[in-house]
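Q: I am new to this structure and would like to learn how to read its contacts. Can we look at it together?

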Amino acid sequence: MLEKVKKLIEKAGWPRVIIGLFLLSLFFTAPFVGIRVSTSISDTIVRFAMNAVLVLSLIPMVQSGCGLNFGMQLGVIAGLIGAITSIELGVTGIAGFLTAIGIAIPFAVLLGFFYGLLLNMVKGDEMVVATYVGFSSVAFMSMMWLLLPFKSPNMIWGYGGEGLRTTISVEGYWLGVLNNFLSIRIGHFFFPTGTIIFISLIALVVWAFFKTKLGTAMTAAGSNPVYARAAGVNVNRMRVLSVVISTVIAAIGILVYEQSFGFIQLYMAPLLMAFPAVAALLLGGASVSKASMGNVIVGTFLFQGILTMTPSVMNNLIKSDMSEVIRIIVSNGMIVYALTRRMKVRT
Amino acid sequence: MKRNIIRVALIIVLIALGVGLYVLGRNHKIFIDNKDIVLANVQYRSENTFSVFIDGNEAVEVGKGKRKVVYSPGPWHTIIAIEKLPDGTTREIIRKFSLASRDTAIINLPVLASGNDGWLSIEGE
Amino acid sequence: MKEQSLTRAKNPLVRFAISNAVPILFVVLLIFAIPLSGFSSDYLINEIITRLGRNSFLVISLLIPVMAGMGLNFGIVLGAMAGQMGLIFMLDWEVVGIPGVLLAMLIGTPIAILLGLLAGTILNRAKGREMVTSIILGFFINGVYQLTILYGMGSLIPITSNKLLLPRGYGVRNALDLLTIRKVMDNMWVMKIGNISIPLGLFAIIAALCVFVVWFTRTKLGQDMRAVGQDMQVAATAGINVDRTRTLSIIISTVLACFGQIIFLQNIGTINTYNSHDQVGTFAIAALLIGGASVAKATIPNVFIGIILFHLTFIVAPRAGKELLGQAQIGEFFRVFVSYGIIAISLALYAWRRRVEKETERRRAKAAIKAAMEDKVGG
């Protein structure tokens, strides 16, 4: 019996088991400290829905051998440009949301293309280069947000100021456009049906893609480049393609996030956005070279569960806000753990 | 074996250094009172203003009946108290005193000016 | 394919320009930006001298890991946190002046050694990915540090001073003033030339550190580190304990960073308990790279040239941005962009060069095998 349990734990991986048990204990303690479990669960689901696409965006690059996408900020920037332009054009509702996506995608493709070429030049050190390329791009765009000629009064600094505001509300445009679509509300429990449907669609497309010939070629390029090349796969082209797909999905992901969160955050806000997404993916069982849909779902749920439950439960327990510190420790601990796993030799 | 002895010796030296730095650098609170006080059945009155220098610090003016606080680090201190007499002349008293690390000192100026002992009272923490 | 690297150009002037491209670029940038900003030369010289005194120790602490092949040690932030903890105890025990600074260093050192040991062990398990791992490890330990400072101090760790603790009784306040040790090292021995004051005492200490670093590279341990940095396989066959040498390089770097952060903070005069150490890694590394260093090679001149160029850009950018584009804020973002950008470019260049070298080696090996086989068949 003990052997069976041990085997199960090893298969799931110790980090997942520990975090999972921690999360369960938080759910159990919740009612005793005055937190409504239904609110907690629906909060977790809403946050899951907000973040899932961003975590999903990491899969193509992991599969193609480009490693963890610490440069996700490039996709986020494309999404931000789409969101801002959509508001500037004044389009509201689902049309506004789709306009944002429509504008974001070409930018994402462009940025992803050059980003992919860069990563091909630095094979073996993609992650560290990606990190600082991501940081620099956020700093660069911070300068741009001040200079770009947007005029909509909802977005610019008041009293004749110049440049875009730091936080721009999407209320009146496309706030909750996905969340509230066909949503279910039972007392204190809220289920964002629209967003979940949207996420499932994207997940389905990605899953289906990897089952196609092109998708398998991409996975082959990542798991064994030499063999893939011998089999006729253009490894470099697969890698660039994976980067473009990842960047596009990240652009869509930030838009899904914003419609739920309610605000567009510019300037330095996206600086560290890649890390929670990477941590969530790794928490779900992925490694630096292999990631699946299951990793995304399990990981995002566990991660967002911790982030939702810790403030409410622990704050009532020890009367102080430990959530930020716990988030830093858990997410970065996960990434360090994953980076120190033995990597199989890639030539 | 030799390596371990050296390591232990090094640690002892560092701890000793730490203690030394602590003693040398610990800031002490020194209260300077220009107040009336009764000591060993002798009444001392506060009458004049004093200019007080503790170690290398700037002058502190302590008026009649007042108390001032000065901070100074280390175990050894010197106090220079210049009493300003009503006729315009001054009287100067110099004394040295030492404090253990966790002590706070209270100096009474009238007693100091009289030349008697007991002008320094030390409170350990 | 062109194998001739540009650094092997014939003309020595071209060679100099190529291998020192980054510093030269910054000098050109500053030639335009400084007059634009309108700062007086006295002000700039004083500022740079202060910043040299303040930051040199931290940037020098990066040199040894580069020598040992560990790349850019983003983990110096661990040393900075150790230094801050030393300062917290120093403040709690009310030790002031130079003895206080020395005591803070004394207390911070064992913490820095432990953290360096942890970092070194983890980095050894992530060979080939040291730099990313050190970045994330820095974030992780920052989390542990915040946990300790926010909850441990005052409760499990005996800190008693009300000036340090939050009103609730445990947890350190987020801004601690260091008036009791403010500029004690700067003021140890000051020389004034006209309007410019030079903290000779501090510079003497920095010079001593440089001498130490040079001496260290000549010791057996230093040579071992060089060997490991060149080629881990060859060093291992020569009998060097590669893992232990690498870990030692990180420990030394972390301890130096601990001292460096204390020197930095005594000049600033305040500790932002939760933020002061945030950008330590980025700014020190950016400065070193701007001085012409690379991931594989960093020398003492790189340190000083880098600090001067980096900090001049830092000071001048906001005002220059205001003159040029009407908003000082652009200048502020520009200097952040420069810091991150220079690191991104250096990392990319290094990674690209490393890949090109690997491929040339592989091709050469293939050609050698082919030639050997043809010999065998022919002869």
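A: Start with the word contact: two residues are in contact if their C-beta atoms, placed from the backbone, lie within 7 Å. Keep in mind that this is a predicted model.

Q: How many residues of chain C are in contact with chain A, and how many of chain A with chain C?

A: By that rule, 34 residues of chain C touch 29 residues of chain A.

Q: Which element gives the most to the side of chain C that touches chain A?

A: Two elements of chain C, α7 (130–152) and α14 (328–378), each give two or more residues to this side. The most comes from α14(C), with 15 residues.

Q: How does that side of chain C divide by class?

A: The side of chain C that touches chain A has 24 nonpolar, seven polar and three charged residues.

Q: Which chains share the most contacts?

A: Two pairs of chains are in contact, and chains A and C share the most contacts. Chains A and B are not joined by any contact, and their closest C-alpha atoms lie 32 Å apart.

Q: What does the contact between chain B and chain C take from each chain?

A: Chain B brings ten residues and chain C brings eleven. On the chain B side, helix α1 (residues 2–25) gives the most, with seven residues. By class, this side of chain B holds six nonpolar residues, three polar and one charged.

Q: Now for helices within a chain. At what angle do α5 and α12 of chain C pack?

A: A helix pair is read from its axes, by angle and distance. Helix α5 (residues 76–92) and helix α12 (residues 280–290) of chain C pack at about 125°, with axes 8 Å apart. The two helices are therefore oblique to each other, and their crossing is right-handed.

Q: Which residues meet where α5(C) and α12(C) pack?

A: From α5(C) come Ile76(C), Val77(C) and Ala80(C), which meet Val280(C), Gly281(C) and Ala284(C) of α12(C). Five of the residues in this contact are nonpolar, one is polar and none is charged.

Q: How do the axes of α5 and α6 in chain A cross?

A: Helix α5 (residues 73–88) and helix α6 (residues 93–121) of chain A have axes that come within 7 Å and cross at roughly 145°. The crossing of α5(A) and α6(A) is right-handed. Among the residues that meet are Leu74(A), Gly75(A) and Ala78(A) in α5(A), and Gly96(A), Thr99(A) and Phe107(A) in α6(A). The contact of α5(A) with α6(A) divides into twelve nonpolar residues, eight polar and no charged.

Methods
Residues are numbered from 1 along each chain as its sequence is written. Chains are lettered from A and ligands numbered from 1 in the order in which they are written. This is a predicted model: local features need pLDDT of at least 70, side-chain atom pairs count only at pLDDT 80 or more; totals for chains, interfaces and linings use all residues. Axes are lines fitted to C-alpha atoms, for helices over the stretch in contact, and angles run from 0 to 180 degrees between N-to-C directions. Helices (H or I, at least four residues) and strands (E, at least two) are DSSP runs, numbered from the N terminus. Angles under 35 degrees count as roughly parallel, over 145 as roughly antiparallel, 65 to 115 as roughly perpendicular and the rest as oblique. A crossing is left-handed if the near helix is turned anticlockwise from the far one by less than a right angle, and right-handed if clockwise. Ala, Val, Leu, Ile, Met, Phe, Trp, Tyr, Cys and Pro count as nonpolar, Asp, Glu, Lys and Arg as charged, and the others, Gly among them, as polar.
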